[in-house]
Amino acid sequence: MSEQTRERGREPAAETGRRVVVVGAGMAGVQTAVALRERGFTGTVTLIGAEPHQPYDRPPLSKAVLLGTAEGSAFDVDFDALGITLRLGVEAVGVRPGAHVLDTSEGPVPYDVLVLATGAEPVRLPGADGVPGVHLLRTLDDAERLRPVLARQHDVVVVGAGWIGAEFATAAREAGCAVTVVEAADRPLADALPADVAAPMAAWYADAGAELRTHARVERVEPGGPGASGRVVLDDGTPLPADAVVVGIGARPATAWLAGSGIELGAHGEVLADAHLRTSAPDVHAVGDCASFPSARYGERLLVHHWDNALQGPRTVAADIVGSPGGEDPAPYDPVPYFWSEQFGRFVQYAGHHTAADTTLRRGEPSGPAWTVCWLRGGRLVALLAVGRPRDLAQGRRLIQAGTAMDPELLVDPARPLKAATAVA
């Protein structure tokens, strides 16, 4: 425990003059600012966002906003009432930790505590930057540019069969577009799930009227001329008609602007945070998609690019900044990761982290509308994927959190509640 933490605990009134600057106005940044006020922080809180829009939530972008059933997804937060200063359309360009200064496109911003919450940015398709008709789907502006594409029911090629590719393909089919999904791997979600788990999901594309091409790479994108469609040319020479191309081939932490700051980054460019989401620089925290953290639960460092992590992590950051009356450190940040995806008429949920599991068990047939895959390590549930079985997910998440031992024979019975499949002590 640092001397600074002890000082905070004994003299909470001293924080009145403290300045917290949060970089990034997405879920992680907004929730950090709100959590600081909820914990009674009385200093100044400044939220800096690169986009000019009022801070908004991202999941609706690939659903309601994209399909035109919602105009936006702004957070329902009264920033003025909370005394949170918004500085929007301002880009962070560097940090000088020794001077406690954040450098921005509008000049230097001094801080006492800095929170990095810049999220992740989409990986771009090589050679496609600036090509007309090529789109990403990460921001509100991206979604608004894609809305008329769907409204005109264009031929659409989606590059990447990951979570975002599947969600966009779902929306495009709902809008009546002809959709072809191009995936370099042999199956959807190749980077997220084992082959035997993800393979059955390939059939979902055909069921929805979308064409899925695996083992396929994009050679080039050729824009269309007046009155003519463009096309995507695959590496085997196959041409695909494409009025629009949507790229969803992954995301990387948005941390390039930290170069030269001395803040330690990991192999994927993420900020290396500790169990309290503190960085290697004094008085600098990192939270959300831009940071990894050590998980005692899973025995490895986790980099989680999902909404729930951006919701949960800010509470740890705020607790660490504000401190406690007794001066003790807050509990380490070690959540059970969770995310969901709505694709092709199915509600897909995942909780935990499966890579170190030693046993995989199934509840229900993957050819059916509802099934669950459970991963165990040493007889204890460590992760599960639930398709159309939200009760399995809710109960399983609690079992993972508690480290409960399971009975494999009971677990595989899909008619038995998960909570009733625990091992007898």
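Tyr 333 counts as buried because its relative accessibility is 6%, where buried means under 20% relative accessible area, exposed over 50% and partly exposed in between (1.4 Å probe, protein chains only). This is a predicted model, in which local features need pLDDT of at least 70 and side-chain atom pairs count only at pLDDT 80 or more, while totals for chains, interfaces and linings use all residues. Residues are numbered from 1 along each chain as its sequence is written, and side-chain values use heavy atoms, with hydrogens and water left out.

**Aromatic pairs**

- The structure holds seven aromatic pairs; rings of Phe, Tyr and Trp (its six-membered ring) pair if their centres lie within 6.5 Å, and planes under 30 degrees apart count as stacked, over 60 as edge-to-face and the rest as tilted.
- One of these pairs, edge-to-face, is formed by Phe 293 and Tyr 333, at 4.9 Å centre to centre and with 65° between the planes.
- This pair links distant parts of the chain, since Phe 293 lies in strand β20 (residues 291-295) and Tyr 333 in the loop between α9 and β22 (338-343), 40 residues apart; helices (H or I, at least four residues) and strands (E, at least two) are DSSP runs, numbered from the N terminus.
- Phe 293 is buried, with a relative accessible area of 2%.
- The rings of Tyr 350 and Trp 375 have centres 6.0 Å apart and planes at 55°, so this pair is tilted.
- Tyr 350 is in strand β23 (residues 346-352) and Trp 375 in strand β25 (residues 371-377), 25 residues apart.
- Tyr 350 counts as buried at 6% relative accessibility, and Trp 375 is buried with a relative accessible area of 2%.
- Ring pairs join Trp 163, Phe 339, Tyr 350 and Trp 375 into a cluster.

**Helices α2 and α9**

- Helix α2 (residues 27-38) packs with α9 at an angle of about 35°, their axes lying 8 Å apart; axes are lines fitted to C-alpha atoms, for helices over the stretch in contact, and angles run from 0 to 180 degrees between N-to-C directions.
- Leu 311, in helix α9 (residues 307-322), counts as buried at 18% relative accessibility.
- Leaving aside residues up to four places away in sequence, Leu 311 touches Met 27 and Gln 31, contact meaning heavy atoms within 4.5 Å.

**A three-stranded sheet**

- An open sheet has the strand order β13-β14-β15 with antiparallel pairing, where two strands pair if DSSP finds at least two bridges between them.
- Its edge strands are β13 (218-222) and β15 (239-242), each pairing on one side only.
- Strand β14 (residues 230-234) is joined to β15 by four bridges, and Val 232 has Leu 240 in β15 as its bridge partner.
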